[in-house]
Amino acid sequence: MTVIPVVIVGAGPVGLLLAGELGRARVPVVVVERLADPMTESRAGQLSTLTAELLHERGLDVLLGEAAHEPRAHFAGLGLDLSGLDSAYQGSWKVPQYRTEAVLAEYARRWGATVLRGYELTGLTAGPGHVVCQLRGPAGRQRLDAGFVVGCDGADSSVRRLWNFPVSAAASTRELLRADVIGLRIRDRRFERRPAGLAVAATRAGVTRVMVHVAGQPVTNRVGPPEFGEVVRAWAVVTGEDLSSGTPVWLDAFHNSRGQVGAYRRGRVLLAGDAAHWHLPIGGQALNVGLQDAVNLGWKLAATVHGWAAPGLLDSYHDERHPVAARVLDYVTAQETLLLGGAEVEPLRAILAELVGLRSVRDHLAGTAANLTDRWGPPGPSPVGRRATTLRLRTDSGPLPLADTEPVIVRLRSGADRPHHRTVRTVHARCDGGPPLDTTALLLRPDGYIAWAGDDEEGLEQAIEKLLWVEGRKENARL
Ligand SMILES: Cc1cc2nc3c(=O)[nH]c(=O)nc-3n(C[C@H](O)[C@H](O)[C@H](O)COP(=O)(O)OP(=O)(O)OC[C@H]3O[C@@H](n4cnc5c(N)ncnc54)[C@H](O)[C@@H]3O)c2cc1C
């Protein structure tokens, strides 16, 4: 029996990035995807500052090169300037999701991942030391045995359902319709709140994207996209304008159901992206948080498969990523209330507009929109739990790469007296940015986060033992 170390279910952006991360760390991986061909919709078209940094660190600048750069974001429609963020990639990067997926598919392929298209996961059962995946594919039923399974299969995740992940969720209560239409002459509007609902319109290169919500209208149970007539009627109710002369080229409806699993890992099965957390796509967070899940999980799962993960390292994926998505759910729910609520939210909007006038509030919201405020270290100024990006670490041969496959010790002062570590690679570097660091060494994780900062070798040793299983025993064996 051949056991594939990792099977990923779903070749959306999150599954493809995770496949590339595992491949880069020399873990054989198979991705199963029920769609025979890649998706062609624009969907989530906004990459955040942190996502842009991660793409750059993985050599995926081609995607940023073709993206439209926007130095702004918004919170509930209130504009935020992102140009002051401390990042070489400040701002939002606008690129249709099908392009993101195409670039990530190439990344996964380049690092040796196998993508099986036209294969749907239909069953998951526990075997001795592995998981049995039942698939329905072009040649009928098939079985794959996996050391670990990661469900990156979207908001309606089969993996989540088949493996009984605990979920806390709220059903949908509001629906939005949207359409790309040609031949329209209507004015652009960002988030126009009207007594009857919300209207958004933007025309680019002759195509008008309209999005509309009719206040108080129940959510329709749909099996496909809405008819254009529905969009025309909703737009007329909210704005009094007539869209019927236009020709639709794309129609979509989405709603505000939201939820999150209570555990990102159950034994040999994990979830990432929309499979683990889902919400109304306002504020452009879902795709970004999912891609960041993949980067957090990739090296930890690789370390577990290779047998060098410290006990608890794989569980730290849940510990670090669950709070991030929980916070996003709160932010999205607050924005939904402020954008789609009725007259009763006007006083709240007025106060928020006042607060956004304060520099510290603006900076906080801008940092949150850019995904730069998430950290897992101790409170206060300690660099632990932050990404090393702002330190701009440089070695004699150039910037220190922040996307590695194993941890690295960074010596910040010449330390000929310091012995090289027996298991962890050491580099010498200096900081070209950020506040002065009162420390002589850092322990850098493969995802560019600082795991430890200090001067004492004992502290460094303890930090290493939180990442590495020093005796080299496999965590697999204890499952
Ligand atoms: C129609 C639509 C419109 C959206 N619009 C926006 C938007 O405007 N803005 C925004 O920010 N976000 C939007 N989103 C959300 C955004 O696309 C997601 O956050 C993002 O795609 C999450 O990526 P993912 O890889 O986690 O999941 P997905 O992109 O959903 O990928 C999951 C993949 O798993 C596959 N799959 C599912 N079940 C199985 C199975 N049993 N076996 C094998 N394969 C399976 C699916 O075919 C799919 O390819 C939209 C989503 C949808 C579906």
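Visitor: What are the ground rules?
Guide: Residues are numbered from 1 along each chain as its sequence is written. In this predicted model, local features need pLDDT of at least 70 and side-chain atom pairs count only at pLDDT 80 or more, while totals for chains, interfaces and linings use all residues.

Visitor: How many residues of strand 10 are buried?
Guide: Strands are DSSP runs of E, at least two residues, and helices are runs of H or I, at least four, numbered from the N terminus. Buried means under 20% relative accessible area, with a 1.4 Å probe and protein chains only. In strand 10 (residues 130-137), six of the eight residues are buried.

Visitor: Which sense does strand 10 take against strand 9?
Guide: Two strands pair if DSSP finds at least two bridges between them. Strand 9 (residues 120-127) pairs with strand 10 in the antiparallel sense, over seven bridges. Q134 in strand 10 is the bridge partner of G123. Two residues lie between these strands in a hairpin, and G129 in the turn has a positive phi of about 75 degrees.

Visitor: How many bridges join strand 10 to strand 11?
Guide: Seven, and the two run antiparallel. G137 stands opposite G140 in strand 11.

Visitor: Which residues of helix 6 are buried?
Guide: F228, V231, V232, A234, W235, V238 and T239. They cover an arc of only 170 degrees around the axis, which puts them on the same side of helix 6. The arc is that of the directions from the helix axis to the C-beta atoms.

Visitor: What follows helix 6?
Guide: G240, with a positive phi near 80 degrees.

Key: Heavy atoms only, no water. Buried < 20%, exposed > 50% of the residue type's maximum accessible area, 1.4 Å probe, protein only.
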